[in-house]
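Keep the viewer open as you read.

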Amino acid sequence: MAEQRQTSADAVLTRIGQAAMLLHAGDREEARNRFGELWAEIGEAGDALHRCTLAHYMADTQDDPGDELAWDLRALTAVEGPGGEAGEPSPAVRAFCPSLHLNLAADYLKLQRPEAARLHLDRARDAADALGPAGYGDGIRTGIDRLERRLGEW
């Protein structure tokens with residue numbers, strides 16, 4: 001039974017990855033449609049990794065900054081739980097935290113809410129401290145520094 005669930009989970013992540021490839025190739029509308037279908041299947045009570053990954057990508061398909069924020073908040077809820085205290089998330093889910101907070105900071109800055117942006121930027125920096133010194137970690141820290149400079153202009 002566990003093997004069947006693993007196969008099923010892998011299929012969901014594969015489908016999310018396929019839609020993400022569409023997004024990165026520039027087909028935002030088709031990616032948004034596929035993510036929407038997957039969200040309807042997974043739902044608010046689905047696997048945390050699936051919800052976090054899907055909402056994280058779905059945010060990037062949004063044209064409206066308020067909608068982007070709503071999807072990034074869904075991703076964060078998948079990590080932290082509805083009350084912000086879901087216990088210890090899996091390492092795979094926890095790996096999204098620096099990027100989620102960075103995206104939330106950027107969302108709030110787009111919405112001209114610098115105080116909320118600063119809060120999430122600080123959380124992104126704290127979470128990024130746990131990342132490795134190269135690759136993904138460097139990319140997140142560079143994004144944090146860039147947003148820090150933009151936020152300093154407010």
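Contact here means heavy atoms within 4.5 Å. You're looking at a predicted model, where local features need pLDDT of at least 70, side-chain atom pairs count only at pLDDT 80 or more, and totals for chains, interfaces and linings use all residues. Residues are numbered from 1 along each chain as its sequence is written, and side-chain values use heavy atoms, with hydrogens and water left out.

Find helix H4 (residues 65-80) and helix H6 (residues 97-110), which pack at an angle of about 155° with their axes 9 Å apart. That makes H4 roughly antiparallel to H6, a label for angles over 145 degrees. On the H4 side, the residues in contact include Leu69, Leu73 and Leu76, and among their counterparts in H6 are Leu100, Leu104 and Tyr108. The contact residues divide into ten nonpolar, two polar and five charged.

Now for the inside. Nonpolar side chains tend to be buried together in soluble globular proteins. Leu54 touches Ile16, Phe35, Leu38, Trp39 and Ile42, leaving aside residues up to four places away in sequence.

Finally, head for Glu115, in helix H7. Is Glu115 buried or exposed? It's exposed (the cut-off is over 50%), with a relative accessible area of 63%. The C-alpha atoms of Glu115 and Ala105 are separated by 9.3 Å, and the two residues sit ten apart along the chain.

Notes:
Axes fitted to C-alpha atoms, helices over the stretch in contact; angles between N-to-C directions. Helix = DSSP H or I, 4+ residues; strand = E, 2+ residues; numbered from the N terminus. Parallel < 35°, antiparallel > 145°, perpendicular 65-115°, else oblique. Nonpolar A, V, L, I, M, F, W, Y, C, P; charged D, E, K, R; others polar. Buried < 20%, exposed > 50% of the residue type's maximum accessible area, 1.4 Å probe, protein only.
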